[in-house]
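Dear colleague,

Please find below the sequence and structure that I am handing over to you. An account of what was found follows them.

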Amino acid sequence: MATNARHLKDEGTSLQVVSAGAVAGLVSRFVVAPFDVVKIRLQLQPYAISRSAASLPSTPIYNGTLATIRHILQHEGLAGLWKGNVPAELLYVCYSSIQFTTYRSTTLFLQTAFPWKLPDAAESFIAGASAGALATTATYPLDLLRTRFAAQGHQKIYASLRGAIRDIRRDEGYAGFFRGIGPSLAQIVPFMGIFFVTYEGLRIRLAGLDMPWGGGDATAGVAGSILAKTAVFPMDLVRKRIQVQGPTRNRYVYRDIPEYSGSLRAVLSIIRTEGFRGLYKGLPISLVKSAPAGAITVWTYEQSLRQIMNMSASRESRL
């Protein structure tokens, strides 16, 4: 590996890693927020592919990404593309901080806990999967709140973040904040594993390349995000559908969201009523989002970490 290449696993103290991860999550989330709202709307949109599913509408409200954007702008204004951004910003800041810290700590543990060295791919997969699982569990209520706010149309279901927390706790109990955590964990473990294996493998090979969007690190982040997102996308869609279950299920943009009693039954129901392609609704916009999100997150993280480390070194040299 080139000596001037920053390595995600080894650089910085714990506090510096947490700070850089928080900055990366904050910046990335704000940039890709409109893509996320459009993706959620498309994922939640149920419509039947045959007359046998009479309970579902036969035609979609939104016909593609551009039509969805136009519809949101026309009926909800520009701010509609950033619905749910407050819990989402909190989610991404906390998630990124936990993710990068856990990834670094797990990697250091794996490097010292065994008398032999694990293959790089195995090390990256275990560290990435562990980081994703812990970060997902710790921040899941924020993810659910983000989905529910993004699914609101012109009619408000929750007037504020505090009101949403109060209403969910009152009507659904604390378990309501963790609806859909099963498929969430089922997708995040392979997602983060695939992402970090791809990222760590490509960044070494692409080290030293100078590209308009940030060089080898950014390119590796894009490739890792696209590959991982495509592999686990059906579980992401099922998670979104389950997150809006409960007493408010028929009050979102779509009045006909089916009721699912579990992840497997949700998958089977979607295939039966909407076809196998129904599991991939919103995938194009998700990939469009994932590419810049992955690149921005990793690039911002490494740039932030570098700046924080330089500031710390400069401060220490003056003492």
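Helices are DSSP runs of H or I with at least four residues, numbered from the N terminus. Axes are lines fitted to C-alpha atoms, for helices over the stretch in contact, and angles run from 0 to 180 degrees between N-to-C directions. The model is a predicted one, in which local features need pLDDT of at least 70 and side-chain atom pairs count only at pLDDT 80 or more, while totals for chains, interfaces and linings use all residues. Residues are numbered from 1 along each chain as its sequence is written, and side-chain values use heavy atoms, leaving out hydrogens and water.

Helix packing

Helices α4 (residues 120-150) and α5 (residues 161-172) pack at about 105 degrees, their axes being 11 Å apart. This makes α4 roughly perpendicular to α5 (65 to 115 degrees). In contact (heavy atoms within 4.5 Å) are L144, L145, R148 and F149 of α4 with L161, A164, I165, I168 and E172 of α5. These residues comprise 7 nonpolar, no polar and 2 charged; Ala, Val, Leu, Ile, Met, Phe, Trp, Tyr, Cys and Pro count as nonpolar, Asp, Glu, Lys and Arg as charged, and the others, Gly among them, as polar.

F149 is buried, at 11% relative accessible area (buried means under 20%, with a 1.4 Å probe and protein chains only). Leaving aside residues up to four places away in sequence, F149 touches K83, G84, P87, Y158, S160, L161 and A164. The C-alpha atoms of F149 and G84 lie 4.7 Å apart, although 65 residues separate them along the chain.

Helices α1 (residues 14-44) and α7 (residues 216-243) pack at about 70 degrees, with axes 9 Å apart. On the α1 side, K39, I40, Q43 and L44 meet K229, F233, D236, L237, K240 and R241 of α7. By class, this contact has 4 nonpolar, 1 polar and 5 charged residues.

The whole structure holds 2 cavities of 30 Å³ or more; on a 1 Å grid over the protein atoms alone, a cavity is a set of points where a 1.4 Å probe fits but cannot get out, and lining residues have an atom within 4 Å of a point. The largest cavity contains about 610 Å³ of space, a volume being the space filled by probe spheres set on the points. Its lining has 31 residues, with Y92, Y95, Q99, I188 and F191 closest to the centre. By class, the lining of the largest cavity has 11 nonpolar, 11 polar and 9 charged residues.

With kind regards

How values were computed. Helices (H or I, at least four residues) and strands (E, at least two) are DSSP runs, numbered from the N terminus. Angles under 35 degrees count as roughly parallel, over 145 as roughly antiparallel, 65 to 115 as roughly perpendicular and the rest as oblique. Buried means under 20% relative accessible area, exposed over 50%, partly exposed in between (1.4 Å probe, protein chains only). On a 1 Å grid over the protein atoms alone, a cavity is a set of points where a 1.4 Å probe fits but cannot get out, and a pocket is an open set with protein on both sides within 12 Å along at least five of seven lines; lining residues have an atom within 4 Å of a point.
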